[in-house]
Amino acid sequence: MTDLSTTAGKLADLTARLAEAQAPVGDRAIADAHEAGRLTARERIEALLDASSFVEVDALARHRVTEYGLDSQRPATDGVITGYGTVEGRKVCVYAQDASVFDGRLGEVYGEKILKIYRLATKTGVPLVSFIEGAGARAAEGTAALSFYARILAASTQASGVIPQIAVLTGTASGPHALLAGSADLTLAVSGQARMQLEQVEDSEPVDSAHVVADSDAEVVAALRELLGYLPSNNRAEAPRPVEARITGSVAENISAADQELNGLIPDAPSATYDMREAIAKVVDGQATLEVQQATAANIITAFARIEGRAVGIVANQPEENSGLLDSRAAEKAARFIRTCDAFNIPVVTFVDAPGFTSGEGEDNHTVRGVAKLSYAYAEASVGTITVIARHAIGAAGVVMGSKDLGVDLAFAWPTAQIAAMHSQEAVPEIHAAELAKAERKGKDVAALKEKFTAAYDESHLSPYQAAERGMVDAVIPPEQTRGQLVEGLRLLDRKVTYPPAKKHGNIAL
């Protein structure tokens with residue numbers, strides 16, 4: 001029996017209480033997690049943070065419910081671990097839900113802990129990382145539990161655009177637990193484990209729309225550490241930028257063999273496909289990107305990368321998938337990514353090969369709404385924005401993919417660019433309607449005449465030069481200069497200042 005009348009006894013008692021917090025329901029739960037090939041909630045936090053940097057808060061918290069026999073089950077931590085530490089030396093706040101305690105269900109004290117760490121992260125200006133899994137609210141705590149879900153969601157809304165919020169789904173998130181993940185800026189998931197459901201049902205849906213999906217707890221934590229490296233601590237900071245990545249010399253002096261390979265990337269046949277990832281890889285540092293939502297709307301690429309050490313967001317049409325045609329899911333994916341980058345001072349670089357939109361039964365209305373979100377995101381962005389038109393920028397698709405007149409700061413075109421109001425098969429019948437009708441009346445070869453008009457239209461309109469003459473692009477550049485022009489442009493845009501009109505907020509087409 002510990003003698004609590006002595007200092008030594010009180011220290012021993014504290015040690016025992018803290019030891020309980022390390023395994024609140026016993027060592028068997030830890031062993032079960034390991035046998036399933038999973039990390040425990042505490043191990044996930046420790047894997048994320050720099051060694052020995054975790055400072056836990058409220059480790060000794062316990063629920064206060066006395067009904068239903070719960071006064072005999074009061075494990076330390078109450079099912080959620082909260083605290084702060086460092087990742088690569090930068091402070092972050094973190095909480096991890098522990099499904100081994102009451103199935104991860106949220107109660108009043110549990111909610112208090114999460115709300116407290118939200119407030120700490122927001123007022124100190126550091127990212128908040130959450131590891132989420134659990135079976136919703138505790139029935140025994142009723143409306144008190146629901147009240148804290150609402151308070152946490154309100155705190156998340158207040159923190160939105162102020163600090164990065166990243167959720168990691170490590171298991172099934174049921175009921176309002178799913179909303180905690182849905183309110184984050186970026187979501188990661190463990191394949192085969194992560195599921196979300198708003199209702200308590202037998203089956204739940206696997207999370208295939210997460211920004212990053214990994215095969216295990218360890219791999220998702222590694223991806224999380226990489227992702228945090230692209231993000232600033234808050235909306236008034238800049239993401240880490242390695243000093244050694246600085247480039248000296250002119251654009252011409254820094255053209256590499258990889259840069260020169262861009263000159264042959266675009267096929268001669270206008271409808272031939274190619275992989276836009278090759279263009280992206282050749283202009284970013286170390287050819288390294290962290291692609292997000294790769295499994296969703298593969299006709300658009302969204303990725304984090306670095307150019308001269310500077311974190312950038314990449315948005316690009318992908319000709320290999322449905323010719324890069326835009327649809328509602330692709331537009332919404334890009335719009336959300338652009339707004340995330342804009343909130344956290346990450347410049348956006350866009351690679352364009354946009355021949356148009358998909359069509360199909362019921363798709364048109366969805367596409368209009370999605371594309372409206374995309375144009376809004378580009379027009380609203382206050383960070384530096386640069387567009388590179390690689391091939392097609394046709395009609396409305398070319399407009400919404402970061403066009404100069406939409407507000408993009410710098411727009412470059414390759415000589416392979418085709419910037420036009422419409423394709424020749426649509427333009428020629430409209431422009432030359434009278435001539436074609438007259439030829440048909442006189443029994444002439446209408447097909448040959450149409451082919452002649454098409455060739456003339458393609459030569460005069462499907463090029464970057466009309467757009468260049470009208471200032472719709474700032475320069476037509478050889479592809480090999482792209483990285484150099486991006487470096488110079490991003491340096492200039494570090495100094496960008498905007499003065500938006502006074503208003504409460506805009507009304508994006510949700």
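Beyond its neighbours within four places in sequence, Thr350 is in contact (heavy atoms within 4.5 Å) with Val315, Tyr378, Ile386, Thr387, Val388 and Met401. The model is predicted: local features need pLDDT of at least 70, side-chain atom pairs count only at pLDDT 80 or more, and totals for chains, interfaces and linings use all residues. Residues are numbered from 1 along each chain as its sequence is written, and side-chain values use heavy atoms, with hydrogens and water left out.

**Thr350**
- Thr350 lies in strand β13 (residues 348–354); strands are DSSP runs of E with at least two residues, helices runs of H or I with at least four, both numbered from the N terminus.
- With a relative accessible area of 1%, Thr350 is buried, a term for values under 20% with a 1.4 Å probe, protein chains only.
- The side chains of Thr350 and Tyr378 form a polar contact at 2.7 Å.

**Domains and their contact**
- An automatic or database assignment sets the domain bounds, giving domain 1 (17–230) and domain 2 (251–417 + 463–493).
- The centres of domain 1 and domain 2, taken over C-alpha atoms, are 36 Å apart.
- To the contact, domain 1 gives 16 residues and domain 2 gives 17 residues.

**Interface composition**
- About 1300 Å² is buried between domain 1 and domain 2, 61% of it from carbon and sulfur atoms; this is the accessible area (1.4 Å probe) lost on putting the two parts together, summed over both.
- In domain 1, Asp185, His211 and Tyr230 lose the most area to domain 2, together 47% of what that side buries.

Key. Buried means under 20% relative accessible area, exposed over 50%, partly exposed in between (1.4 Å probe, protein chains only). A polar contact is a pair of N or O atoms within 3.5 Å; within protein, one must be able to donate a hydrogen and the other to accept it, and residues adjacent in sequence count only if both atoms are side-chain atoms.
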